[in-house]
Amino acid sequence: VRFIEKHPFENSSNFCLFLKPNDDNLDPIQLIPLITLDQIESPDPISFILDPKPILKPSPFPGITYHNDDNNEYEEQQNIEIFNCSPASDSFIIDEKNRKILTILHEMKKFLIDSDGINHEGIFRIAGSESTLKETIREINIDGVLSPNESKIGWKIHEIATIIKRYFITMPTKLLNSLTEKEMRTYSEDEKLSCSVAETLLSKQDQHIQDLWSWLIDILSIVAQSETSKMDSLNLSLVLAPCIACNPSYDNPLLELTLTKYASDIIRFNIEKNISLKNKANGSNNNSDNKNNNNNSINENNNNNNE
């Protein structure tokens, strides 16, 4: 539907222009906010194209609705916990890095790795089927399904990746919500300082939030190193930033856009730092192996000479 804006445009602060790449399989969460209409200063009418369906906008943007492709009904998705559990429940495990993580999140990460999902093109960008998402979440919450082997419908790669994003979207308190605007701006401008955000989160909230942050950066770093996924640190940061930036209670659209931009930079810096640390560790291990091999060769030569 094309229409021409007539001045003055009413309630312009409630509307926002989004950048949407030409990709029919794009996850709506990746719609990139550009500018609110009240920021546009133009003496002439402006032409817009509106989708007849509501724009699918994730938290932290207020007034969010998701479109259900199966029956054309509209559902509110705000403040809904994806998994029926709390940090005090027994649905947690201690993973290989000593992080306290939801068992279901741990199993979903393991599934994406074991099924080679981390190498799928557009992972965390392409949305899963809404009907399959609903059924998978129902199995988890009602039937207690905690692994793909227990699922009757079977876990699908893009659906599981989408559920992980929605978990972070629907957290009562977003991962980075405890950071002030000044702190987020500082972290987004300084790559080295940005990598200390985990310690700041721990000082402001609790160990669980820091563990979740570390877990998220870890899985994103694995995906970013895959050439076939075509999801580098920049693409992943744009996709995940709206999921963790700020709570939907904010009533300042411009501030929300700014915090989302800051969050994107912080995620990107931390992914790249995590990859760099892993590469250095792997390099050290390789050097150690080479040194051991050289020592073994020297010992063998000495033994041969003695004989």
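Visitor: At what angle do helix α3 and helix α7 pack, and how far apart are their axes?

Guide: Start with the general idea: two packed helices are described by the angle between their axes and the distance between the axes. In this predicted model, α3 (residues 157-169) and α7 (residues 207-224) pack at about 150°, and their axes lie 13 Å apart.

Visitor: Okay, are the two roughly parallel or roughly antiparallel?

Guide: Angles over 145 degrees count as roughly antiparallel, and therefore α3 and α7 fall in that group. As for handedness, α3 passes α7 in a left-handed crossing.

Visitor: Which residues make the contact?

Guide: From α3 you have Ile164, Tyr167 and Phe168. On the α7 side, look for His208, Leu212, Trp215, Leu216 and Ile219. Sort the residues of this contact by type and you get seven nonpolar, one polar and no charged.

Visitor: Where is confidence highest and where is it lowest in the protein chain?

Guide: The chain averages a pLDDT of 74, with 61% of the residues scoring at least 70. Helix α1 (residues 103-114) has the highest mean, 95, and strand β5 (residues 65-67) the lowest, 31. Residues 45-80 have a pLDDT below 50, though the model gives that stretch 93 contacts beyond near neighbours in sequence.

Visitor: And how many helices and strands does the protein chain have?

Guide: Nine helices and eight strands. Of its 307 residues, 44% count as buried.

Methods. Residues numbered from 1 in each chain as written. Predicted model: local features only at pLDDT ≥ 70, side-chain atom pairs only at ≥ 80, totals over all residues. Heavy atoms only, no water. Axes fitted to C-alpha atoms, helices over the stretch in contact; angles between N-to-C directions. Helix = DSSP H or I, 4+ residues; strand = E, 2+ residues; numbered from the N terminus. Parallel < 35°, antiparallel > 145°, perpendicular 65-115°, else oblique. Left-handed = near helix turned anticlockwise from the far one by under 90°. Contact = heavy atoms within 4.5 Å. Nonpolar A, V, L, I, M, F, W, Y, C, P; charged D, E, K, R; others polar. pLDDT = per-residue confidence, 0-100. Buried < 20%, exposed > 50% of the residue type's maximum accessible area, 1.4 Å probe, protein only.
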